[in-house]
Amino acid sequence: MTVSRKPRSLPDEQKLRLWGVGWALALTFAAAVLAAGGTLYGLVVLLDFQKIDTTAKLDAKTLFDLVKLSFGVVAGAGALVALVVAYRRQRVDEAGAHREATRLHTERFSQAVDKLGSDSPAVRLGGVHALAGLADDAPDDSLRQTCIDVLCAYLQLPFTPDPGTDPAHQEEHHRYLAFRKVRHTILRLIGDHYRRPKGTHRSWQGCDLDLTGVTIDGNIDFQSAEFSGSTVYFRDATFSDGTVSFRNATFSDGTVSFSGATFSSSTVLFGDATFSGSTLYFTGAEFSGSTVYFNGATFSDGTVSFIRAEFSGGDVAFHGAEFSGSNVEFSSAEFSDGTVSFSDATFAGGTVDFRSATFSGGTVSFSVATFSGSTVPFRGATFSGSTVYFDDATFSAGAVSFSVATFSGSTVLFGDATFSGSTVYFHGAAFSGGTVYFHGATFSDGTVYFDDATGAVPQGLLTAVGTPPHAGVTLPAAWLLSAP
């Protein structure tokens, strides 16, 4: 029995490939013919230019040379055709390889996500490592970002708190510890990958990281990481345990936000970090019991915002930090408890803004700080209960303003401070309570304005400025009348 077979039609994609190759061959051949014609025409023109008799009969040698030239042109055209065909084949092969890699990635991704939804902590751990591996091997950045987003979303899921070690809840306690291990593994892997230099295998630098609302009760190590082009969110996160380290990290571009975060029991380290072009937000953050260190950090560009931040406990330190060009905002911040230290810091450029801040408790120290070029406004700040130290500080350049500030209950110490070249404003300040000391202060240059200030003369001020006052010091008339 004879079976008639219909010819199989080619798939559309293959037809398009053949069509494209055919057109490429036709165009290439046409180009080769044109090139050959142009070459021959050029030879004729050259011969004519050399005044050779073109009407003479061609001898055998000339004819042979022209034949060789023709074969050379044809061979060149063939090589060009072969090159175009090879290039198009390579492009088609690369596209096919990318599609295959994407397909395999999608299959593995689905399997890893299924594991994350398992009731078994061990299976979930396997899913976490599988997703991290997929992010490392992703064929493009968008697929890598998707894997990172899923890991972050897992951390954002609500979880049952620890029921405690009561024997009656032993099984729930063990289950809590097991699933906490999964979350801590994700935190560790995130830090491990962000520490790797950008462009190297397994590096996630440059990818976005969204830990909004996450409870961070374990360790994350971002030491020496570079945040140079991504968006990293810790907004409304709670740092309740463990250590999060950004030591020696570089924030040179992009946005990092801790807005609304709560630092309640953890240790967060920004020591020796460099802020040279990024925007870093701590807007509305609450520091209630953690240790947060910016010791030795450099703020040379960009914006760092602590606007409306609440310092209600713990220890926040900017000891030895250098403010040389950034815009650092503490406006409307509230210092109500704990210790915040700017001791030995250098304010050499940019703006560090404490306008309308409230110092109602705790200790804030600017001891031995150097104000040598920054603009540091405390305009409208309220000193109602804190102890604020400016002792041994040096005001040698720039402008520091306490205009319209209220000193109503705090102890503010300018003992042994040196005013040698900057402009310091106490214009309209109200000294209505508390204690403000200028004992041992030196006024040797610069300008210090106390005009329109009200209330009692700060202790030791008249002795420090001398009688009559130093030429750069302006005092209210009432204070001058009270001079001994």
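Reader: Let me start with a detail: which residue in β21 is the bridge partner of Glu 329?
Author: That's Asp 353. One thing to keep in mind as we go: this is a predicted model.

Reader: Noted. How do β19 and β21 run, and how many bridges join them?
Author: They run parallel, with six bridges joining β19 (residues 322-329) to β21, which covers residues 346-353.

Reader: And what else stands opposite Glu 329?
Author: Ser 305 does. Ser 305 falls within β17, residues 303-305, and that strand pairs with β19 in the parallel sense over three bridges.

Reader: Which other strand is joined to β19, and by how many bridges?
Author: β16, a strand of residues 298-299, is joined to β19 by two bridges, and the pair runs parallel. Within that pairing, Phe 299 has Phe 323 of β19 as its bridge partner.

Reader: Nice. Zooming out, how many helices and strands are there in the chain?
Author: The protein chain has seven helices and 37 strands.

Reader: What share of the residues counts as buried?
Author: 37% of the 484 residues. On contacts, if you take those between residues at least 6 apart in sequence, 67% of them join residues at least 24 apart.

Reader: Let's switch to helices. How do α3 and α5 cross?
Author: Their axes come within 9 Å and cross at roughly 15°. An angle under 35 degrees counts as roughly parallel, so α3 is roughly parallel to α5. The crossing is right-handed.

Reader: Which residues make that contact?
Author: From α3 you have Pro 121, Arg 124, Leu 125, Val 128, His 129, Ala 132 and Asp 136. The α5 side includes Phe 179, Val 182, Ile 186, Arg 188, Leu 189 and His 193. By class, the residues of this contact are nine nonpolar, three polar and four charged.

Reader: What about α4 against α5, how do those axes cross?
Author: The axes of α4 (residues 141-156) and α5 come within 10 Å, crossing at roughly 140°. The two helices are therefore oblique to each other, and their crossing is left-handed.

Reader: Which residues meet there?
Author: Leu 151, Tyr 154 and Leu 155 of α4 meet Phe 179, Val 182, Arg 183, Ile 186, Leu 187 and Ile 190 of α5. That contact has eight nonpolar residues, no polar ones and one charged. Phe 179, Val 182 and Ile 186 also take part in the contact of α5 with α3.

Reader: What is Gly 191 in contact with, beyond its sequence neighbours?
Author: Leaving aside neighbours within four places in sequence, Gly 191 is in contact with Ile 220, Asp 221 and Phe 222.

Reader: Time for some backbone checks. Where is the cis peptide bond?
Author: It joins Thr 467 and Pro 468, with omega about -5°. Pro 468 sits in the loop between α6 (461-465) and β37 (473-474).

Reader: And what's the phi of Ser 224?
Author: Positive, about 65°, although Ser 224 is not a glycine. Ser 224 is in the loop between β3 and β4, and it is partly exposed, with a relative accessible area of 44%.

Reader: What about the phi of Ser 356?
Author: That one is positive as well, at about 60°, and again Ser 356 is not a glycine. Ser 356 lies in the loop between β21 and β22 and is partly exposed, at a relative accessible area of 42%.

Reader: Which glycine is in contact with Ser 356?
Author: Gly 380, which is also in contact with Ser 403, Val 404 and Ala 405, leaving aside neighbours within four places in sequence. Gly 380 lies in the loop between β24 and β25 and is partly exposed, with a relative accessible area of 30%.

Reader: Last one: how far apart are the C-alpha atoms of Gly 380 and Phe 402?
Author: They are separated by 7.1 Å, and the two residues are 22 apart along the chain.

How values were computed
Residues numbered from 1 in each chain as written. Predicted model: local features only at pLDDT ≥ 70, side-chain atom pairs only at ≥ 80, totals over all residues. Heavy atoms only, no water. Pairing = 2+ DSSP bridges. Helix = DSSP H or I, 4+ residues; strand = E, 2+ residues; numbered from the N terminus. Axes fitted to C-alpha atoms, helices over the stretch in contact; angles between N-to-C directions. Parallel < 35°, antiparallel > 145°, perpendicular 65-115°, else oblique. Left-handed = near helix turned anticlockwise from the far one by under 90°. Contact = heavy atoms within 4.5 Å. Nonpolar A, V, L, I, M, F, W, Y, C, P; charged D, E, K, R; others polar. Buried < 20%, exposed > 50% of the residue type's maximum accessible area, 1.4 Å probe, protein only.
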